[in-house]
Amino acid sequence: MPLSRSLSMTSLSGVLPAWEEEELPVEDLLLFEVSWEVTNKVGGIYTVLQTKAKITVDEWGENYYMMGPYYEHNFKTQVEACEPPNPAVRKAMDALIHNGCQVHFGRWLIEGSPFVILFDVGSAAWNLDRWKGDLWETCQIGLPHNDREANDSLILGSLVAWFFKELIDQLGDKPNVIGHFHEWQAGAGLILSRCRKIPMATVFTTHATLLGRYLCAGNADFYNNLSKFNVDKEAGERHIYHRCCLERAAVHCAHVFTTVSQITAVEAIHMLHRKPDVVTPNGLNVKKFSAMHEFQNLHSTSKACIQEFIRGHFYGHLDFNLDKTLFFFIAGRYEFTNKGADIFLESLLRLNYLLRLHKNDMTVVVFFIMPAKTNNFNVESLKGQAVRKQLWDTAHSVKEKFGNRLYDALLKGHIPDMNSILDRDDFTIMKRAIYATQRHTLPPVTTHNMIDDATDPILSNVRRIGLFNSRNDRVKIIFHPEFLSSTSPLLPMDYEDFVRGCNLGVFPSYYEPWGYTPGECTVMGIPSVTTNLSGFGCFMEEHVSDPAAYGVYILDRRFRSAEESCNQLTQFMFSFCQQSLRQRIIQRNRTERLSDLLDWRYLGRFYVHARHLALNRAFPDKFKMDPMAPLKTEGFRYPRPSSVPASPSASVHSTPHHSDVEDDDDDDDDDYEPYDEDEEAERDRLNIKAPFVLGDVQEGK
């Protein structure tokens, strides 16, 4: 029987710890957030800025500005040009414009509509040599002429520092200015502002260390050798020494240094030689659905769309029950080892063995959604969808005839002879449709023609493990080397709808400073696998007593070998396959309940604390704060759900062969204990554990 989902289940208002820190006098402050990805989508920082904008605008109003590079196309499609409301900002912009530098102002057309100040890097490129000289004289960092990205970041940083100098000259002592800089591309602006002794508070956030990304991309045993790397030597060998110098200088110049996760904080201590003052986790704008069952209904609707694709892709080999088929997926940048696709594939081989060994009637279809170089859709994939549509049209036409003849017979008052209600032509049409589904080849593993088929890491490992979608395999693989789109002729679904239709997201990443993909699964009520080397995994371990009970399985890749991690992942997936339909519904309810933990309404407080700390260090006479006091950015820990039995063996069936039909039968038993989601959620609220703290605040600079 369907389970109801109430509003109280997902609302944590009154449960999140009260924000004790004194509010900042935002009317006497100006906040500027600087990043290369303001209105310019390059990576995950764009998502951070875009989703965080609304809560920041709600707090700061017209005293909040974002700053980044100007790109004509982005400005025309994402920004509404307007005049700055603050006359000091207008005068600072004019000072740059009168000196030959183009500066643009407007509202970014995202939720919250924040003001943006965009600098045209190309219009100021004639100053590059002079600004390179300034950088060298100031901090002995030289930039090679052939690194365009580094040169552009210096131009942007010089324009930002110039703007701040003009702005503060206009403002005087009030209001005070806070500059928040993201990643090394914005670091030059912070370095130059501090070296020129511009009176402002500065915050620098690294979302991943530069060298850490390069080392992990090169398959280094990163976390076991953090303390052993010669940072300068490794950076020099990879021709990024100058970039690392910019990053490290920005870290040490900032009044407050933050990272997005505890695991990145550990990395920063060794790579950048400074302990972060505050950890500022990444959040999302969590959308609530007011109707009962809404997110469960969305799951069913999206799952039906995926099932239609499966019917076409596996035509001629559709000998498994789609009602007993689970959909797993992995998605993200095509970084084979960093994203954990290597151990995922090995675990799928072992899962296939276990499902066959235990004669489990569950089938697992696994999607790899990772963009790679392709020519186009392959013919077999398109043909499969065409055959499916043809079968549907045939069945629909026969159904129409059957229905009309049945209707006529009933009107005449007699039960028709079922053998004569369909004529020979109808049987001929149906037989031809059946023969059209015959297939002499296996369903394709990939949906596209790959350019580097022979050397592609995923396809090479699929050949090694031998999962070719044969009839005997209980695990089927589909590699979709392109981002999903609702306009696709093959799988016409947006990414969000696709995620909602899946049963489990698997992200066994080795290097993932935060990890938005499992977070997106959580807010949609979809269980996921993450690792203790991802920021998201560390965050959940810190906030939730038993993450697995809430549908967040945390794989140990930090303290276990690859073989042990692979076995653990296999066990996670096999246990998930043993769950009944009812258990999966209950788990999705629990997973969705964690969504408020990832809402910017809660996580935004960490940014508030970082700004307050920066003001205290920059202007200690105006903004008082005890530097030795523990951070007041307190969280909480969910206890283990009370409805989960204490024994792990009791939470899954003793035999793996357990069907959803048996669950339906069990619902009628006299000893059936009803599941009340509201009651369980209320018990969780009453049993919240002691809050955590992020540690002592580092002494100011």
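Predicted model: local features only at pLDDT ≥ 70, side-chain atom pairs only at ≥ 80, totals over all residues.
Residues are numbered from 1 along each chain as its sequence is written, and side-chain values use heavy atoms, with hydrogens and water left out.

The protein chain contains 24 helices and 17 strands, where helices (H or I, at least four residues) and strands (E, at least two) are DSSP runs numbered from the N terminus. Of its 701 residues, 57% are buried; here buried means under 20% relative accessible area, exposed means over 50%, and partly exposed is in between, with a 1.4 Å probe and protein chains only. If one takes the contacts (heavy atoms within 4.5 Å) between residues at least 6 apart in sequence, 76% of them join residues at least 24 apart.

As a general point, strands of a sheet pair through backbone hydrogen bonds, either parallel or antiparallel. Within this sheet, strand 1 (residues 29–34) and strand 2 (residues 64–69) pair in the parallel sense over four bridges, and Phe 32 has Tyr 65 of strand 2 as its bridge partner.

In the loop between strand 1 and helix 2 (44–60) one finds Thr 39, which counts as buried because its relative accessibility is 1%. Apart from neighbours within four places in sequence, Thr 39 is in contact with several residues, including Tyr 46, Pro 69, Asn 74, Trp 108 and Leu 118. Thr 39 also has a positive phi of about 60°, although it is not a glycine. Asn 219, in the loop between helix 8 and helix 9 (231–237), likewise is a residue other than glycine with a positive phi, near 65°, but Asn 219 counts as exposed, at 56% relative accessibility.

Strand 10 (residues 325–331) has seven of its seven residues buried, so it is largely enclosed by the rest of the structure. In a regular strand the side chains alternate between the two faces of the sheet. Both faces of strand 10 are covered, with Thr 325, Phe 327, Phe 329 and Ala 331 buried on one side and Leu 326, Phe 328 and Ile 330 buried on the other. Strand 10 runs parallel to strand 11 (residues 363–369), to which seven bridges join it, and Val 365 in strand 11 is the bridge partner of Phe 327.

Helix 19 (residues 535–543) is also largely enclosed by the rest of the structure, because seven of its nine residues are buried. Among these buried residues are Phe 536, Phe 539 and Met 540, and the buried residues of helix 19 pack against helix 11 (262–271), helix 18 (516–523), strand 16 (528–531), strand 17 (552–555) and helix 22 (600–618).

Finally, the structure holds three cavities of 30 Å³ or more. On a 1 Å grid over the protein atoms alone, a cavity is a set of points where a 1.4 Å probe fits but cannot get out, and lining residues have an atom within 4 Å of a point. The second largest cavity has a volume of about 50 Å³, a volume being the space filled by probe spheres set on the points, which are joined across faces, edges and corners. Helix 8 (210–217) and helix 10 (241–253) each supply at least two residues of its lining, and helix 10 gives the most, with three residues. The residues that line the second largest cavity include Leu 210, Cys 244, Glu 247 and Arg 248.

Note on methods. 1 Å grid on protein atoms, 1.4 Å probe; cavity = no way out; pocket = protein on both sides within 12 Å on 5 of 7 lines; lining within 4 Å. Pairing = 2+ DSSP bridges.
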